[in-house]
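This briefing covers a single protein chain and is arranged by topic.

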Amino acid sequence: IIFAAVVALPIFYAISRGRKQKIFEICRFSHIKPVTVIILVVAGIGLNLFNGYALDFIKRISLFNDAFENYEGLIKPLLGGNFILVLVGLGIVAPFIEEIMFRGLILNELKKVMPVTVAVMLQGVIFGVYHFQLIQGSYAVLLGILFGVAYIWTKSIWAPIVIHVIINTTSTVLSRLPEDSTLISALDKYEYLFFGISALVVLGTFTYLSRNKVDSEKELLNT
């Protein structure tokens with residue numbers, strides 16, 4: 001979080017000064033419909049569960065053992081601090097800063113010099129590299145691409161912010177529940193069922209975003 005802020009704030013300031021525009025204008029803090037907000041929240045929960053199950057399945061087949069040990073050594077301390085501080089810092093502040101930096105600024109700059117699809121893919125890769133860890137960086141690439149897609153389709157930075165915040169806050173809350181709690185027990189017992197449901201949720205929510213995308217500019221992802 002501190003690293004993101006240290007890197008991002010000078011960049012935000014420099015770009016804002018150079019363009020003589022406010023960051024809020026550059027990044028498009030545009031209004032999104034209440035129903036779309038609900039869809040984005042559901043997408044965030046689905047992505048969190050899908051990602052968690054996918055990582056667990058990969059870990060079970062003994063792939064990248066060292067990388068997973070390193071990943072767990074990184075994540076557990078992050079989620080294990082003061083609950084309120086972690087929830088606010090990791091769950092809200094970090095996603096807000098990162099979305100402004102990667103989708104609001106980097107993606108917008110990239111799509112000025114290359115096709116939108118390529119720009120979305122590239123900023124996703126940059127987002128993954130930014131995390132400096134093989135496991136986290138790998139799924140961050142996929143998430144970064146999906147965040148970029150949500151931003152392009154809704155024409156609002158609020159879309160990836162909402163998804164990102166929900167993913168991080170869900171992780172924070174689930175990490176604090178006892179392993180023998182009803183919810184955690186159910187998620188573990190019916191893991192394949194919930195994995196399938198989470199995949200369908202992600203597919204369904206992004207299908208909705210695709211069918212209801214804002215077409216005010218000729219920069220659709222599929223053109």
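The largest pocket has a volume of about 1700 Å³. The model is predicted, and its protein has 10 helices and 0 strands.

**Largest pocket**

- The lining of the largest pocket is made up of 45 residues.
- Nearest the centre of the largest pocket lie Tyr71, Ile75, Leu79, Tyr139 and Ser171.
- At least two lining residues come from each of helix 1 (2–19), helix 3, helix 4 (65–79), helix 5, helix 6, helix 7 (134–154), helix 8 (158–176) and helix 9 (182–189).
- Helix 3 contributes the most to the lining of the largest pocket, with 10 residues.

**Fold and burial**

- The order of elements from the N terminus is α-α-α-α-α-α-α-α-α-α.
- The protein has 223 residues, of which 46% count as buried.
- Among contacts in the protein with a separation of 6 or more, 76% are between residues 24 or more positions apart.

**Aromatic pairs**

- Rings count as a pair if their centres lie within 6.5 Å, and by this rule there are 12 aromatic pairs.
- One of these pairs is Phe29 and Phe96, whose ring centres are 5.9 Å apart; their planes meet at 40 degrees, so the pair is tilted.
- Phe29 is in the loop between helix 2 (23–27) and helix 3 (34–60), whereas Phe96 is in helix 5 (residues 83–110), so the pair ties together parts that are 67 residues apart in sequence.
- Phe29 has a relative accessible area of 17% and is buried, while Phe96, at 28% relative accessibility, counts as partly exposed.
- Phe102 and Phe127 form another pair, with ring centres 5.0 Å apart and planes at 75 degrees, so the pair is edge-to-face.
- Phe102 belongs to helix 5 and Phe127 to helix 6 (residues 116–130); this pair links distant parts of the chain, 25 residues apart.
- Phe102 is buried, with a relative accessible area of 2%, and Phe127 counts as buried at 2% relative accessibility.
- A cluster linked by ring pairs consists of Phe50, Tyr53, Phe57, Tyr192 and Phe195.

**Surroundings of Arg103 and Gln123**

- Arg103 lies over the face of Phe127, at 4.4 Å from the ring centre.
- The side chain of Arg103 is also joined to that of Gln123 by a polar contact of 2.8 Å.
- Gln123 is located in helix 6 and has 0% relative accessibility; the cut-off for buried is under 20%, so Gln123 counts as buried.
- Leaving aside residues up to four places away in sequence, Gln123 touches Phe102, Arg103, Ile106, Leu107, Leu110, Gly144, Ile145 and Gly148.
- Phe102, one of the residues that Gln123 touches, is the ring partner of Phe127.

- Arg28 is not a glycine, yet has a positive phi of about 65 degrees.
- The position of Arg28 is in the loop between helix 2 and helix 3, and the loop between these helices also holds Phe29.
- Lys155, also not a glycine, has a positive phi of about 55 degrees.
- Lys155 sits in the loop between helix 7 and helix 8 and is buried, with a relative accessible area of 6%.

Note on methods
Residues numbered from 1 in each chain as written. Predicted model: local features only at pLDDT ≥ 70, side-chain atom pairs only at ≥ 80, totals over all residues. Heavy atoms only, no water. Phe/Tyr/Trp six-rings, centres within 6.5 Å; stacked < 30°, edge-to-face > 60°. Helix = DSSP H or I, 4+ residues; strand = E, 2+ residues; numbered from the N terminus. Buried < 20%, exposed > 50% of the residue type's maximum accessible area, 1.4 Å probe, protein only. Lys NZ or Arg CZ within 6 Å of the ring centre and 35° of its normal. Polar contact = N/O pair within 3.5 Å; in protein donor to acceptor, adjacent residues only side chain to side chain. Contact = heavy atoms within 4.5 Å. 1 Å grid on protein atoms, 1.4 Å probe; cavity = no way out; pocket = protein on both sides within 12 Å on 5 of 7 lines; lining within 4 Å. Points joined across faces, edges and corners; volume = space filled by probe spheres on them.
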